[in-house]
Amino acid sequence: MVKDMKKVYITSPIIPPIDKFNLLVKQMFKSKYLTNMGPIHNELEIKLKDLLKAKNFSLFNNGTIALLCALKTFDFPIGSEIITTPWTFAATPHSIMWNGYVPVFCDIEKDTFCIDSSKIERLITEKTRAILGVHVYGLPCNVLKIEEIAKKNNLKVIYDAAHAFTTEINGRGIGSYGDISMFSFHSTKLFHTIEGGGLIYNDDSLVEKIKGLRNFGIFSEEVIDDIGLNGKMNELQAIVGLLNLKLIDEEKGKRKKLKDFYDKSFSNIKNIHIPKIPSNISYSYQYYPIIVEDKFPCSRDEIYDNLKNKNIFARKYFYPMCADYECYKDLPSSRSENLPVANDIKNRILCLPFYGDLDLITADRIIKIINDNRFY
Ligand SMILES: Cc1ncc(COP(=O)(O)O)c(C=O)c1O
């Protein structure tokens with residue numbers, strides 16, 4: 001019986017129309033311009049810069065490489081400490097380590113899952129150089145408080161905005177906060193280029209530096225004077241991006257409908273908590289997390305297993321959390337007493353299937369499975 005049921009995953013990518021894709025690929029093959037900041041790449045870069053309300057925007061071949069370069073931009077001394085969150089994807093602390101810096105994990109806020117700005121200052125030492133916040137599930141960090149702490153302590157602020165495509169605070173693009181913000185255009189994201197990413201930054205003096213880091217540190221034919229890497233998005237990725245841009249509004253509309261349906265259904269179910277989106281936030285509709293409270297008749301893991309037995313694959317993002325990874329668990333900041341909120345939520349969070357093509361009949365089935373005590 002289960003075998004016959006269609007598998008439902010946490011997300012499903014938007015797919016551009018194949019005829020339009022073929023047409024652009026044909027043109028690309030004819031031009032023989034395949035990569036190295038080609039015309040389609042440049043067109044997409046300008047369009048994304050406008051859409052994301054960015055002062056400066058640089059495309060990358062994926063979000064991780066973009067984040068590596070963001071952290072490399074300031075050339076902090078090796079061993080510098082970067083205060084970040086354990087509540088994120090592996091790429092965030094890994095990018096810190098690949099730069100030769102040390103992640104210092106700060107606990108998270110219970111309502112937004114973002115770094116708890118009230119706990120940042122106690123972690124600052126003379127080695128601290130930056131704060132790396134993550135706008136988890138597209139919910140913004142407390143950007144104003146973080147800006148204040150950074151100013152006071154002479155720190156840079158970098159944001160991992162992988163989940164926050166088109167998130168805005170009071171109409172201001174999320175990427176305009178902090179020194180540099182990274183976006184991911186991986187296929188699991190609301191907007192994607194199959195693999196892709198980008199950096200937004202306000203400081204015009206960083207344009208050449210970041211473009212250099214993206215391209216092996218090559219500044220001109222005869223000048224290579226920075227330790228860059230290959231962060232270039234190719235034309236094929238850019239074609240997918242250009243076509244997908246046209247689908248974003250429709251996809252967001254469908255996700256909004258789905259979110260409204262889930263919200264309404266959960267409002268009748270006791271002890272499942274849904275995070276509130278503040279009214280001044282324009283949301284990215286990236287994920288649909290629920291928190292299973294202690295009083296709910298079953299645990300998060302039981303819900304996860306029951307859904308899985310019916311071919312519905314929710315995800316325990318972020319379990320395990322980064323501070324629990326083998327490579328980070330021995331850091332002093334990873335101790336569980338330093339991260340009480342994150343350690344509590346990691347056993348109660350579940351991200352439900354959430355994408356435009358998920359029909360409401362399936363969504364209703366998901367709700368019924370969660371709410372049906374016969375399964376427990
Ligand atoms: C929070 C977060 N940071 C970084 C990344 C890495 O981005 P990419 O897969 O584009 O390298 C992802 C997702 O993929 C992510 O979810």
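Modeller: Ile180, Met182 and Ser184 point one way from strand E8, Ser181 and Phe183 point the other way, and all are buried. Strands (E, at least two residues) and helices (H or I, at least four) are DSSP runs numbered from the N terminus. This is a predicted model, where local features need pLDDT of at least 70, side-chain atom pairs count only at pLDDT 80 or more, and totals for chains, interfaces and linings use all residues. Residues are numbered from 1 along each chain as its sequence is written, and side-chain values use heavy atoms, with hydrogens and water left out.

Biologist: Why is E8 called largely enclosed by the rest of the structure?

Modeller: Buried means under 20% relative accessible area, exposed over 50%, partly exposed in between (1.4 Å probe, protein chains only). Five of the five residues of E8 (residues 180-184) are buried, so E8 is largely enclosed.

Biologist: What makes E8 and strand E9 a pair?

Modeller: Two strands pair if DSSP finds at least two bridges between them. E8 and E9 (residues 197-201) have five and run antiparallel; Ser184 has Gly197 in E9 as its bridge partner. With strand E5 (residues 156-160), E8 pairs in the parallel sense over three bridges.

Biologist: Why is helix H3 called oblique to helix H4?

Modeller: The axes of H3 (residues 63-72) and H4 (residues 91-98) come within 9 Å and cross at roughly 45°. Axes are lines fitted to C-alpha atoms, for helices over the stretch in contact, and angles run from 0 to 180 degrees between N-to-C directions. Angles under 35 degrees count as roughly parallel, over 145 as roughly antiparallel, 65 to 115 as roughly perpendicular and the rest as oblique. Therefore H3 is oblique to H4.
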